[in-house]
Amino acid sequence: MIEFHNVSKEYSRDVYALRDVSLSIAPGELIFLAGPSGAGKSTLLKMIAGVERPSSGTVSVNGQDIGKLKAGSLPYLRRKLGLILQEQKLLLDRSVLANVMLPLVVTGASGAEAENRARTALEKVSLADKAHALPQALSGGEQQRVAIARAIVNRPQIILADEPTAFLDRDNANKVLSALKAFQSAGVTCIISSHDEQFLDKASRVIYLSNGVITDSWHSAIAA
Amino acid sequence: MRVWFRQHLFALKSAWSHLSVSPGNFLFNVLVVAIALALPIAGLTLIENVRPISSQLSIEPEISVFLQPATARADATALSVPLKKMLKDANVSARVNFVTKDKALAAIEETSSLAEVLSTLGGNPLPDAYVISLSNTDAARVDSVAQQLKTLPNVDVVQVDSAWVKRLAALVQVLQLSLLFLAVTLAVVVIVVVFNATRLQVISHQAEITVAKMLGATNSFIHRPYYYTGAMLGLLAGSTALGMIALSLQPLNQAIAEFAKLYASEFHLIPLGLLPSAALLAISTILGLCGAFLSVRRQLARAN
């Protein structure tokens, strides 16, 4: 479903975010991208979302070469993805429900449909009672779960989460990961980047990156 | 179609919510644009009021031949034969119209406040006259013909009427051209003001735009609210400018009425009609839209 063939990303001379990365991710997998800060985890996720283009190699999603996609086609790719990226904060000037509805509003769904599906998504992350609250009234963990609800409201095939448990305490981090695991169980491919290695046993596969290179990859025996 | 309509409605709501966050800024920009628009609108109002006066008057050279008041009607009408012969000999193409003293008086009574004055004199003091409308005739020949007409019997005064009309028509033309240059310059000002206002809005909404793009928003979806804001700014500014001009006409007309009385005339400025006003509103809206369009595209291209 997602394939990287000899993908490199060079920002400036001899400054590589990714070097010659090749990997294949099957539908329904829960993948952890592990590694220290600056390993290239975020860049890898952004390439799948078309936010970054490879300097060389090909990235394909469901057979479509992302690097060759025109700018006008990228929105339609992203509508099939559930993105929880670090730049994607909740919008503070509107309610939790309005935030979760946004992906549906963007695609032109009716107000009633968008609201119904947003409420359903909030129920899945156990935040239905916070629908009319403003994001700043929520805890860090709750905000992250709202971000997950926003990511899944469009029923994506793939969820990309960049450090979803960063700055969360253990309890909230577990809740966030449990929510993602639940979606993966429903057949959604989840790719999560995290430098927190305590959660690696929840993944079906772990890909370890260091200095832009895949240094290790294993299937989790416990998750399997 | 429904999706299109929903997305435009969302864009309109977004634009409105952006404005309501800082209404002061928006209204200030409306005022600036309104002032810029008011100048050409004021000029257009003036021209539209003066144009009917100019167009009602013939700009063809006209010679009025006033006969002596005591001339008998039969002698007056008989004069048309030598008069027309004189014009033919001078190779001049003209329409000759005999205006009796009664017709002249009736015309004055209809159009001028002099009627009351004339009625106090008792009787009709006006003479019979011939009005000669010349076509394709240069000024020198008009003067030559006028000199010859003075030699006809029973002719009292020969008056060449068209000079000041030509001057008025030329002045109106100059005003129109000046107004066009002014309008173009100020249209650029309007676009620049809206451009800058939109640029600041886009910068302040950068986080929201980033999120929307990540969620699959197309460029059209992102741009639309700003287009609506620009169009609203233009429309509101145009309305404000038209309102300002209409309001300013009232005190101005009072002063004009006093001035016109001195010339035994009634003249006042009226606001622009419905059609010109609607056209101006459409233009101001389009200018606002242009400014927003240029700004959004440039700003978001730079951000990409």
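Helices here are DSSP runs of H or I with at least four residues, strands are runs of E with at least two, and both are numbered from the N terminus. This is a predicted model, where local features need pLDDT of at least 70, side-chain atom pairs count only at pLDDT 80 or more, and totals for chains, interfaces and linings use all residues. Residues are numbered from 1 along each chain as its sequence is written, while chains are lettered from A and ligands numbered from 1 in the order in which they are written.

**Exercise 1. Describe the overall build of chain A: what is its secondary structure, and what does its radius of gyration say?**

Step 1. Start with the elements: chain A has six helices and ten strands.

Step 2. Now the radius of gyration, taken over C-alpha atoms. It is 17 Å for chain A, close to the 17 Å from the globule rule for 224 residues, so the chain is as compact as a globular protein of that length. (The globule rule is 2.2 Å times the number of residues to the power 0.38.)

Step 3. For the outline, the C-alpha trace of chain A spans about 50 × 40 × 30 Å along its principal axes.

**Exercise 2. Work out the sheet in chain A: in what order do its six strands lie, and which are the edge strands?**

Step 1. Strands pair if DSSP finds at least two bridges between them. Follow the pairs and you get an open sheet, β6-β7-β8-β3-β9-β10 of chain A, with mixed pairing.

Step 2. The edges are β6 (81-84) and β10 (213-219) of chain A, each pairing on one side only.

Step 3. Zoom in on one pair: β9 (residues 205-210) and β10 of chain A run antiparallel and share six bridges. Within this pair, I207(A) has S217(A) as its bridge partner.

Step 4. Look at what covers the sheet. Helix α5 (residues 140-152) of chain A lies across β6 and β7 (158-162) of chain A, at about 160 degrees to β6(A). (Axes are lines fitted to C-alpha atoms, for helices over the stretch in contact, and angles run from 0 to 180 degrees between N-to-C directions.)

**Exercise 3. Decide how α3(A) sits in the structure: how many of its eleven residues are buried, and what do they pack against?**

Step 1. Apply the cut-offs: buried means 20 or more other C-beta atoms within 10 Å of a residue's own, exposed means 12 or fewer, and partly exposed is in between, with C-beta atoms placed from the backbone. Ten of the eleven α3(A) residues are buried, so the helix is largely enclosed by the rest of the structure.

Step 2. Find the neighbours, using contact as C-beta atoms, placed from the backbone, within 7 Å. The buried residues of α3(A) pack against α4 (111-124) and α5 of chain A, and also α1 (2-21), α9 (206-214) and α10 (219-261) of chain B.

Step 3. Pick out V100(A), one of these buried residues. Leaving aside residues up to four places away in sequence, V100(A) touches residues including A118(A), L122(A) and V146(A).

**Exercise 4. Examine the meeting of the two chains: how many residues of chain A touch chain B, and which helix supplies the largest share?**

Step 1. Count both sides: 17 residues of chain A are in contact with 15 of chain B.

Step 2. On the chain A side, α3(A) gives the largest share, four residues.

Step 3. Over on chain B, Y228(B) is in helix α10. Is Y228(B) buried or exposed? Y228(B) has 22 C-beta neighbours inside 10 Å, so it counts as buried.
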